[in-house]
Amino acid sequence: MKRLQVAIIGQGRSGRDIHGAFLKSEANLYFQVAAVVETDEARRRRAAAEYPGARCYGDYRELFGQTDIDLVVNASYSEMHYAITKDLLEHHFHVLVEKPFARNYYECCDLINTASRNGVRLAVFQQTFFAPYYLAAKELCESGKLGEIRQVSIRFNNFARRWDWQTLQKKLGGSVYNTGPHPLGIALGLLGFDDNLQVVFSKLDRVLTSGDAEDYAKILLTAPGKPVVDVEINSTDAFHEYAIKLQGSLGTYRSTYQKYQMKYILAGENPEQPVIEESLEDENGLPAYCSEKLNLHEEEGTYDGTAFDAGTRGLYEDLYLALTEGKPLTVTCEDVAKIVRVIEYVHAQNPLDVKY
Ligand SMILES: NC(=O)c1ccc[n+]([C@@H]2O[C@H](COP(=O)([O-])OP(=O)(O)OC[C@H]3O[C@@H](n4cnc5c(N)ncnc54)[C@H](O)[C@@H]3O)[C@@H](O)[C@H]2O)c1
């Protein structure tokens with residue numbers, strides 16, 4: 001099997017610690033790091049040692065004309081994603097760009113059109129779409145086991161302060177552009193990337209951040225005939241109890257990134273309870289509340305892997321099949337562009353003053 005030759009732009013928390021770590025691991029069967037681009041000299045020197053045989057550059061334009069590169073991973077700063085990806089596509093490279101896809105919906109569509117015009121593939125690195133906990137929630141929604149899902153709650157919360165570039169609006173930082181693509185991706189995925197999606201409510205705020213971008217976000221989404229989806233990306237929650245909760249007519253499911261619990265009833269297993277209009281009484285004739293012992297079933301378990309291991313592997317395998325066999329991506333760039341459209345809309349609803 002031919003290993004595709006990859007160039008990685010950026011050697012930070014993403015380029016080195018997610019992409020580089022995966023591509024160097026035994027879990028990677030399909031790709032080989034052939035080149036690394038890093039503007040920082042010390043990081044470039046480290047890369048030369050960490051990827052033996054790989055070529056190292058300080059400027060991504062040095063890749064132009066290199067015909068042995070099958071894929072470029074763009075893990076540069078978020079605000080650079082659009083310009084660099086566009087340049088790479090125009091120079092006929094297939095590109096895997098980190099989230100956020102781009103600054104706004106227009107830029108996403110422009111990149112999709114640029115890829116198509118140049119006959120190359122474009123993908124966005126949102127590995128959560130391949131995380132076992134997301135795939136399980138999606139399958140559960142589709143199975144009907146919980147009946148009709150009325151509410152989905154997604155929590156990407158913690159109690160933490162931040163002071164890095166991801167706290168700055170000018171760098172496309174903040175909860176929604178930075179973390180948001182993951183929980184909003186889950187939200188839109190569970191809503192089937194519905195074209196009639198509505199942002200019903202949103203609030204952005206700054207609480208513990210040192211920068212000028214939000215570290216608190218509450219976003220309510222829905223679509224006709226679909227559940228309400230309640231998304232939180234909140235840095236003031238020291239009790240992060242679940243990542244996804246599904247509430248349906250037959251039961252409730254909640255999961256962290258690693259494990260899940262579910263309580264549900266089976267349709268028809270509990271007796272019908274016709275409405276009683278008169279005041280309720282117990283067997284002694286005393287006032288009573290509705291009370292019954294439902295036949296409840298309980299399940300719990302753990303997931304095999306997280307977004308960072310199983311998710312990364314799943315996304316790269318999906319991309320390999322797209323590049324070598326022309327298969328459509330499981331999550332298309334058109335779908336990911338809808339996530340950016342929500343992000344753009346939420347920011348328009350909640351303008352924050354720019355300080356830096
Ligand atoms: N999918 C995920 O789970 C995930 C996780 C972390 C970061 N990210 C994304 O990855 C991107 C990078 O974030 P990070 O946390 O790795 O940042 P970082 O600050 O840790 O590292 C960024 C690195 O890229 C280098 N760089 C920036 N622009 C460059 C350019 N034009 N050419 C070459 N090198 C360049 C910097 O020198 C730095 O070493 C962001 O867009 C972020 O949203 C995604």
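**Figure 1. Salt bridge between Glu79 and Lys171**. In this predicted model, Glu79 pairs with Lys171 in a salt bridge whose closest N and O atoms are 3.2 Å apart. A salt bridge is here a side-chain nitrogen of Lys or Arg within 4 Å of a carboxyl oxygen of Asp or Glu. Two salt bridges are counted between domain 1 and domain 2. Domain 1 comprises residues 4–125, and domain 2 comprises 130–309 + 339–349, with bounds taken from an automatic or database domain assignment. Residues are numbered from 1 along each chain as its sequence is written, and side-chain values use heavy atoms, with hydrogens and water left out. Local features need pLDDT of at least 70 and side-chain atom pairs count only at pLDDT 80 or more, whereas totals for chains, interfaces and linings use all residues.

**Figure 2. Interface of domain 1 and domain 2**. Contact, meaning heavy atoms within 4.5 Å, involves 13 residues of domain 1 and 15 residues of domain 2. The two domains have C-alpha centres 33 Å apart. About 1,300 Å² is buried between them, with carbon and sulfur atoms giving 60%; buried area is the accessible area (1.4 Å probe) that two parts lose on being put together, summed over both. Of the area that domain 1 buries against domain 2, 37% is supplied by Arg13, Lys99 and Tyr105, more than by any other three residues.

**Figure 3. Polar contacts between the domains**. Six residue pairs, both members at pLDDT 80 or more, are in polar contact between domain 1 and domain 2. Such a contact is a pair of N or O atoms within 3.5 Å; within protein, one must be able to donate a hydrogen and the other to accept it, and residues adjacent in sequence count only if both atoms are side-chain atoms. The side of domain 1 that touches domain 2 has seven nonpolar, two polar and four charged residues. Ala, Val, Leu, Ile, Met, Phe, Trp, Tyr, Cys and Pro count as nonpolar, Asp, Glu, Lys and Arg as charged, and the others, Gly among them, as polar.

**Figure 4. The cis peptide bond between Lys99 and Pro100**. Omega of this bond is about -5 degrees. Pro100 lies in the loop that links strand 5 (95–98) to helix 4 (105–118); helices (H or I, at least four residues) and strands (E, at least two) are DSSP runs, numbered from the N terminus.

**Figure 5. Backbone at Leu172**. Leu172 is a residue other than glycine with a positive phi, near 65 degrees. Leu172 belongs to the loop between strand 7 (149–155) and helix 6 (175–178).
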